[in-house]
Amino acid sequence: MTTKIGIIGAGGMLQYHAAGFKAAGADLFAVCDMNQVAAKKAADEYGIPHIFSDSEKMLDELGELDAVSIITPNRTHRPLAIQSLNAGKHVFCEKPPALNAEEVSQMKSAADQAEKTLMFNFNNRARPESYALRKYIEAGEVGRINSAQAKWIRRTGIPGFGGWFTNKELSGGGPLIDLLHMVDLAMFYMDYPAPSYVLAQTFNDFIENKGFKGPWGIPDVQDGVTDVESAAHGFVRFETGQVLSFQVSWAEMNKREEVSVTFQGQKSGGMIRRLFGADGLDETAIDDCELYVQEHGRSVNRSIITEENQDMGRVRSAENFVRSINGEEKPLNTPDQALNLMRIIDSTYESARTGRPVDIA
Ligand SMILES: NC(=O)c1ccc[n+]([C@@H]2O[C@H](COP(=O)([O-])OP(=O)(O)OC[C@H]3O[C@@H](n4cnc5c(N)ncnc54)[C@H](O)[C@@H]3O)[C@@H](O)[C@H]2O)c1
């Protein structure tokens, strides 16, 4: 039987979810957006038969839905996921999982209770480079990853001023929570160890400076709230003795936008990196995926060639959700992993606030 999916949120990210669900053979059965114009436009574009403005109504009326995809601003992730899980639906939820670890914990409990799948869109795990690197890691060719460095850094990339992105109450935070992908990816490569300590600092130097606005995001909102960080730097120690450092920024004096994870394993090191062009993916953008080994007395750099992928795994990630609930693939992520990631994010803000290392255990 075809998997029937209800979409909540017909904004910028819908195109990737729609393409991934279709690639997995699922049926886009309903779209719900409180903005009726957006819902109608999406229904026309993707041939979706049912349109709603209220998710509760959609869940009440369409008992036959198998799964719900949540593509709305961060503050709504927890309530919409719990509502959908309580209605007996599998849930695919955009990142960040929620505003904080407590909320993710509630979502995980709802999924356990409903015995339904809850997955998050950590789409960078679905990039061809990520699949390739995981193969080497799973084959034991990297060995235990002792240390990793995660970066998503921008020079002028604030996603609009005063909208939900820059309002902590609505977003949960700034670049640390918005660009959490590389911290997640590094931990994915490290086999998701449990974090024990975080020492971190946040900065907000340019957060009100319109000169640091990026090409992505939503329109500015006059007199809106702008109370999140513009950059975060931190160091995490895991219970296993592995360590991770991270740098995340929307606005900072960096040379260019870099999205990367570098790691040092006991057998080999490696790197996955996208250097963006001046205006996103222009001809100066560079993708790299490498392994570093010692062979026959020499240092050898292996360059892993993968197919080109502009969308950073977004379509493949949505496809993996459908294939996971249908038992065709292993899920690329779990609620426990999301919880550990959110604990690191919470502890980063706590460490920045107190000026102290935070003991997570
Ligand atoms: N994985 C990625 O690469 C990636 C990239 C960008 C954004 N995102 C995430 O996707 C989510 C959505 O971002 P976006 O850029 O698509 O936002 P958007 O503002 O373009 O779209 C959100 C839509 O949700 C609707 N909406 C809000 N609350 C609703 C509710 N309670 N019920 C029904 N509809 C509701 C809005 O009307 C809007 O049309 C965010 O959590 C963001 O962090 C992920």
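Analyst: Happy to; we can go through the overall build, the sheets, the helix packing and the ligand shell.

User: Great. Is it experimental or predicted, and how many helices and strands are there?
Analyst: This is a predicted model. The protein chain has 11 helices and 15 strands.

User: What are the overall dimensions?
Analyst: The C-alpha trace spans about 65 × 50 × 45 Å along its principal axes.

User: Nice. Which strands make up the six-stranded sheet, and in what order?
Analyst: That open sheet runs E3-E2-E1-E4-E5-E6, with parallel pairing. Its edge strands are E3 (50-52) and E6 (118-120), each of which pairs on one side only. From one strand to the next, the twist averages 20°.

User: How many bridges join E1 and E2?
Analyst: Five bridges connect E1 (residues 4-8) with E2 (residues 27-32), and the two strands run parallel. As one of the pairs, Ile 8 has Cys 32 in E2 as its bridge partner.

User: Which strands does helix H2 lie across?
Analyst: Helix H2 (residues 36-46) lies across E2 and E3, and its direction is at about 165° to E2.

User: OK, the other sheet now. What's the strand order in the nine-stranded one?
Analyst: The order there is E14-E13-E12-E11-E7-E10-E9-E8-E15; this sheet is open too, with mixed pairing. At the edges are E14 (298-303) and E15 (358-359), each pairing on one side only.

User: How does E15 pair with E8, parallel or antiparallel?
Analyst: Antiparallel: E8 (residues 195-203) and E15 pair over two bridges. In that pairing, Tyr 197 has Asp 359 of E15 as its bridge partner.

User: Which helix packs on this sheet?
Analyst: Helix H9 (residues 181-189) does, touching E7 (145-153), E10 (243-249) and E11 (258-265). The direction of H9 makes about 160° with that of E7.

User: You mentioned E11. What does it form with E12?
Analyst: They form a hairpin with three residues between them. E11 and E12 (residues 269-275) are antiparallel and share seven bridges. Glu 258 has Leu 275 in E12 as its bridge partner.

User: And where does E12 go on its other pairing, with E13?
Analyst: Seven bridges join E12 to E13 (residues 286-295), and these strands run antiparallel. Leu 275 comes up again here, standing opposite Ile 286 in E13.

User: Switching to helices: at what angle do H5 and H11 pack?
Analyst: Helix H5 (residues 101-114) and helix H11 (residues 335-354) pack at about 170°, with axes 8 Å apart. An angle over 145 degrees counts as roughly antiparallel, and H5 and H11 are therefore roughly antiparallel to each other.

User: Which residues meet there?
Analyst: From H5 there are Ala 101, Val 104, Ser 105, Met 107, Lys 108 and Ala 111. They meet Pro 335, Ala 338, Leu 339, Met 342, Arg 343 and Asp 346 in H11. By class, the contact of H5 with H11 has eight nonpolar, one polar and three charged residues.

User: Last topic, the ligand. Which residues come nearest?
Analyst: Among the 23 residues around the ligand, the nearest are Gly 9, Gly 11, Gly 12, Met 13 and Glu 94.

User: And how does that shell split by class?
Analyst: The shell has nine nonpolar, 10 polar and four charged residues.

Conventions:
Residues numbered from 1 in each chain as written. Predicted model: local features only at pLDDT ≥ 70, side-chain atom pairs only at ≥ 80, totals over all residues. Near = placed C-beta within 6 Å. Nonpolar A, V, L, I, M, F, W, Y, C, P; charged D, E, K, R; others polar. Pairing = 2+ DSSP bridges. Helix = DSSP H or I, 4+ residues; strand = E, 2+ residues; numbered from the N terminus. Contact = placed C-beta atoms within 7 Å. Axes fitted to C-alpha atoms, helices over the stretch in contact; angles between N-to-C directions. Parallel < 35°, antiparallel > 145°, perpendicular 65-115°, else oblique.
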